[in-house]
Amino acid sequence: MENRDRLLEVKDLHVSFDTYAGEVKAVRGVDFHVDKGETLAIVGESGCGKSVTAQSIMKLIPMPPGRIKKGSIIFDGKDLVKFTDKQMESVRGREISMIFQDPMTSLNPTMKIGKQIMEGLIKHQNMTKKEAKERAIEMIKLVGIPNPAKRVEQYPHEFSGGMRQRAMIAIALACNPKLLIADEPTTALDVTIQAQILDLMKELQNRLNTSIIMITHDLGVVANIAHRIVVMYAGKIIESGTSDDIFFNPQHPYTWGLLQSVPRLDAANKEKLVPILGQPPDLFKPPVGCPFAARCDYAMPVCKEYYPEKTQISEKHHVHCWLQHEMAPKVKNPIVEGRR
Amino acid sequence: MAQVQLNKDMFKIVGKDVEKSQELVRPSLTYWQDAWRRLKENKLAILSIVMLALLLILSVVGPYMRPYSYDEQDFMSINKPPSAEHWFGTDALGRDIFVRCWMGARVSLFIGFMTAILNFTIGVIYGGVSGYLGGNVDIVMMRIIDIIFSIPQMLWVILLMVVIGQGLHTIIIAFAISGWGGMARLVRGQVLQLKEMEFVLAAKTLGADSWRIITRHLIPNSMGPIIISITFAVPGAIFSEAFLSYIGLGLPLPLASWGTLASDGSKVLLIHPYQLFFPSLLISITMLAFNLLGDGLRDALDPRLRK
Amino acid sequence: MFKYTLKRLGTMILTLWVVVTITFFLMHAIPGDPFTDQKRIPAEILENLKAKYGLDKPLVVQYFTYLKNLLHGDLGMSLKYKNRTVADMLKSGFPVSAQLGLAAGLFGITMGILLGIVAALNHKGFFDYFVILLAILGVSVPNFVFSALFQYWFGVKLGWFPVARWGTPYHVILPAWALGMRMIAFQARMMRTSMLDVLNQDYIKTAKAKGLSKSVVIWRHTIRNAILPIVTILGPTIATLLTGTFVIEKIFAIPGLGKYYIQSIQQRDYTLILGTTVFYSAILIFMIFLVDIAYGLIDPRIRLDR
C-alpha cells in the first residue's frame, strides 16, 4: 500500500464555532491523510469533533457561526480551505461525496428519488435528463434496491430506513467521486441493516476504487472495513494507526477504554465490559494538558500541565500520550495483556 | 508545550478524577433562567414590557391628569385640534380626546385581558380533557372544534353580538365563547405529545399518580407555548373589539374604547385627522408591544432553540 | 387521492350543515321577533307579515323549510328591503367583493412570500430586520387605519388614486392594498420562519453535498418545501381577508357583500344576516376544501397517509 498516491491530506486543522458564551473550539489541530482506494475510520465519542472535521472537508459547516481558523485541506494537490463557494460546487458531489447519519431526514421529502440522483449527474457530467435517468436506475440497481425502474419514480416516504440509506449511497456515488465521506452511516439503522449497508459500502469500494472516510463512534462498525483508524478526543487526534495497530496494539489509555467498552462475542474472552467513567471536556474551555487526563486511570501530574507530543510507534502508528515518555512508569497494556 | 521542567515527580500515576471531568464549565441555567436570559437579550421585548407598563399606568392615572370627564360635552370647543388645554384635541361633541383615550384604554385593555383569561381557562380545560383522555373522546371533541372553528371567529362574534345585544359584558362573552378553539388545540397537542414522552413514563413507573403527573410534569412543560398564545390573545381581542366598534357592533354610548374612538375619528378623517390619529396610534402601539413581546417570549421559551 | 378528496367533501358538507343549523337557531333565539322594533304596527298586519315570512309556524318546521329552500338556492326575502330576495342581493354584491378579495389575496400572497424568502436568505441582515418590522407593523395596525392613511395620503394629498367608490381598475388599488397588508405581514413572517426551518434540514445539506449551486439549492429544494406550511395557513388567511372586506368596503364605499352584511347587522335584517353568514361560511368551507386538495397535490406524503 506504500506507494499509493495521497488523495487527501488534512494539516493542522482548527475549526471553531462562535456562540453566545464564546468560542467553542470543536477541532483543535488535526492531521491525517487518506490514500487512494483506502478506508480511513475516524472514531470517537459524540462531540469529539469528528463530524465537524468531516463536514469541514466538504466545507459544509455553517459559516458563521463556524469557521476554519487555521490549517489546510489538500485534496488532489489543491487546498480546499482556499476554495471559494463556487469552486467548492465542482468538488462536492463530483470529487467528494457525503452520506449522513439519518436517512429519514437526509432526503428531500417532496422530490422523487430518481430526480435526487439525477441532479448531481446533470450538474457534473453534463448528462441529458434521459441519460441521467438511465444512470439513476443503474445506480439504484447497483446499491441493491429491487425494482429500480419503479423505485426512481417514488418519493422517500415510500422507502424504508435501510432503503433510504442505500438511496443516499446511490446519490453519493452517482458521479464516481474519488472520496466518500460517511458520517455515522449506520447509526440510525437496525443492527441487521447496519451490516448490509457496511457490506454494500465495502463491495462498492472494491468495485469503484473509491476512498472512504468513515466517521463513527462504534469501533465494532469499523473493524472489518477500515484500513487505518484515527481516534479523536476533544477535538484532537490522540492515536492513529492501521486497523491492526489500533485493535491489537493500542497505546493510548482512551483507545484501551474504547476497546474495553465494545462487547465482544469471542468465547475465549470472558472479560467484563469496562465503561469509561466521566464526561469529555467542554470544548468551550478545553483543558491545557491532555484532555483525557481527568478520566484516565493512568493520569500523572504532567498530563494536567502539558499536552503530550506525538510519539511514533511504528511507521503508521503514532500516539499522543505521556506514558510514552522515557521518564514515565511502564504500565501493562490491558489489551495486549488481556489477549495472552 | 515547551518541554521544560519535567521531573520524575510529574510522572507518578495518580489516576482519574471523574468528578473533575464532570465539572461544568458553562454556567448551568434552569429553563426559566435561560428563558429570562434570552428575553433580557431581546431589547425589543424589554422595550415592549416597558411600553405596556406605561400604557397600564396611564390608563389608570390618565383620566385624572386633565380637568375633564370622559363624557363631559363642551359645545364651546367642538373639533378643536390638539392644544395646551386639550392635549389630543376634542371631538364633535367637544369631549376631551386625551381623557377619552385613557378611558378607552381601560376598556380595551380590560376586554383584552378578560378575553385572554377566559379563552385560556376554557381552552385548557377542554384541550386538557381531550388530550388526557385520548381515544374516541378525543376524536369527537376535536371534530367538534374542527367544525365550529372552520368559520372565522369574527362571524361568530357578530352573530352572538346580534343575538345577545351590545355591551361591554356581551363583547367579552362573545369573545370567550368564540375564541377558545386555538388554545384548546394547543393544549391538547401539548398534552398528547408530553403524555408519550419518556419522562412522564418514568414518573409513572416510579408510581406518581395522575394529579402529580399533571401538575408537576404536564403543566410546567406546556407552559411555554401557552404563555405565548396568551400574549397573542390579548392584542387579538383588542383588535377584534376595535373592528366590531368600527362596524357599529361595539360598545354602546357614551362608553369609549379605542375602537369606538377610532370609528368616530374616521368619520371626520379628511377634516380632522387628529381624531383618528391618537386612538389608532394607541391601538397600534399596544398591538406592536404585545406582538414584539410575544415574539420575544417565543424565542425565549422555545426549548428547541436552546443551545 | 380520490378517497382523500371524497372524505374532505363529506367533512365539508357536514361542517356546512352544522354551521347553518347553529346560525339558524341563534338567529331565532333573539327575543321577540324582527318586527317588534317597528312600533305601531297593527296586530293584523303583524300577523300577515309573520305569515309572509313563515314565522307563524313552529321553529322546527321553519328550520326544515329553510334547509329545503337552501338546497334550491333560496335564502328567503330581505326583511328591510321589501321585495328583494337575499339571493339577489348576494348575487349583486359577491362579484365586487370577490374581485377585491382576489386582488388583495394575490397581492398579499406574492408580496408576503417574496418578502419572506428574501428575509430568510438575508438572515440577521438589514433586510431581514426590515421585513420583521414590516410584518409586525402589518399585524399591529388595524386595516381601517391603513385605509385612512392611504385615502388621506394617496387619495387626497397626492391625488394618485380615487379616494373611494368602485368601477375602474384604479379603484381597486387602494382598498386591495389596505386589505392585503395584514396578509403580507402574516405570509412574510410564516414564509421566513418556514424557510429558516427548511434551510436547517438535513436534506439541504445533502443537496449542498451534491455540489448543486446555491440558487438551485434554494429554488428547487428550499422554497418548494418551505411553501408547504404557507398552503396550510391559506384557510385562516382567506378568513381574515373575508372579514377584512367588511371594514374596507365600508370605508371605501364599495358596493360589495360586506357592505350589505354590515347594513343588515345595523338594521337587524335577520334573514339577510342569516343568508350572508351561511353564504360566507359556504365560501370559506369550500376554500378550505380547495386548500386541502391543493395540499394533497403538492405534498406527496399526504396522499398515502390518509
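Predicted model: local features only at pLDDT ≥ 70, side-chain atom pairs only at ≥ 80, totals over all residues.

Now let us step back to the whole of chain B. How many helices and how many strands does the secondary structure of chain B come to? There are 12 helices and 0 strands, and if you read along the sequence, the pattern is therefore simply α repeated, α-α-α-α-α-α-α-α-α-α-α-α. Of the 307 residues in chain B, 40% are buried. If we take the contacts in chain B with a separation of 6 or more, 67% of them are between residues 24 or more positions apart.

From here I would like to look at what chain B touches, starting with chain C. In this contact, 30 residues of chain B meet 34 residues of chain C. On the side of chain B, four helices each supply at least two residues, namely H6 (153-164), H10 (210-246), H11 (258-267) and H12 (274-301). The largest share comes from H12(B), with 8 residues. When we sort the residues on this side of chain B by class, we find 24 nonpolar and 6 polar residues, and no charged ones.

Chain B also touches chain A, and that contact takes 19 residues from chain B and 25 residues from chain A. Here the side of chain B has 8 nonpolar, 3 polar and 8 charged residues, so please hold this next to the side facing chain C, where no charged residues were found.

A brief word on chain C itself, for which I rely partly on a database record. An unreviewed UniProt entry lists "transmembrane region" for residues 12-30, 100-122, 129-154, 166-185, 226-248 and 278-298 of chain C. In the model, residues 12-30 of chain C are 89% helix and 0% strand, with end C-alpha atoms that lie 28 Å apart. Residues 100-122 of chain C are 96% helix and 0% strand, and the end C-alpha atoms of that span lie 32 Å apart.

Let us turn to chain A, where an unreviewed UniProt entry gives the annotation "domain: ABC transporter" for residues 8-259. That span is 37% helix and 28% strand in the model, and its end C-alpha atoms lie 27 Å apart.

With strand E10 of chain A, residues 236-242, E9(A) pairs in the antiparallel sense over 6 bridges, and in E10(A) the bridge partner of Arg228(A) is Thr242(A). E9(A) and E10(A) form a hairpin with 2 residues between them, and Ala234(A) in the turn has a positive phi of about 50 degrees.

The domain assignment of chain A gives domain 1 (37-60 + 87-231) and domain 2 (232-338), and the C-alpha centres of these two domains lie 31 Å apart. Their contact takes 17 residues from domain 1 and 21 residues from domain 2 of chain A. On the side of domain 1, E3, helix H8 (219-222) and E9 of chain A each supply at least two residues, and E9(A) gives the most, with 4 residues. By class, that side of domain 1 has 9 nonpolar, 5 polar and 3 charged residues.

I will finish with helix H10 of chain A, residues 253-260, where 6 of the 8 residues are buried, so that this helix is largely enclosed by the rest of the structure. The buried residues in H10(A) are Pro253(A), Tyr254(A), Thr255(A), Trp256(A), Gly257(A) and Leu258(A).

Key
Residues numbered from 1 in each chain as written. Chains lettered and ligands numbered in written order. Contact = placed C-beta atoms within 7 Å. UniProt positions renumbered as here; feature names shortened; annotations may be inferred. Pairing = 2+ DSSP bridges. Buried ≥ 20, exposed ≤ 12 C-beta atoms within 10 Å, placed from the backbone. Domains from an automatic or database assignment.
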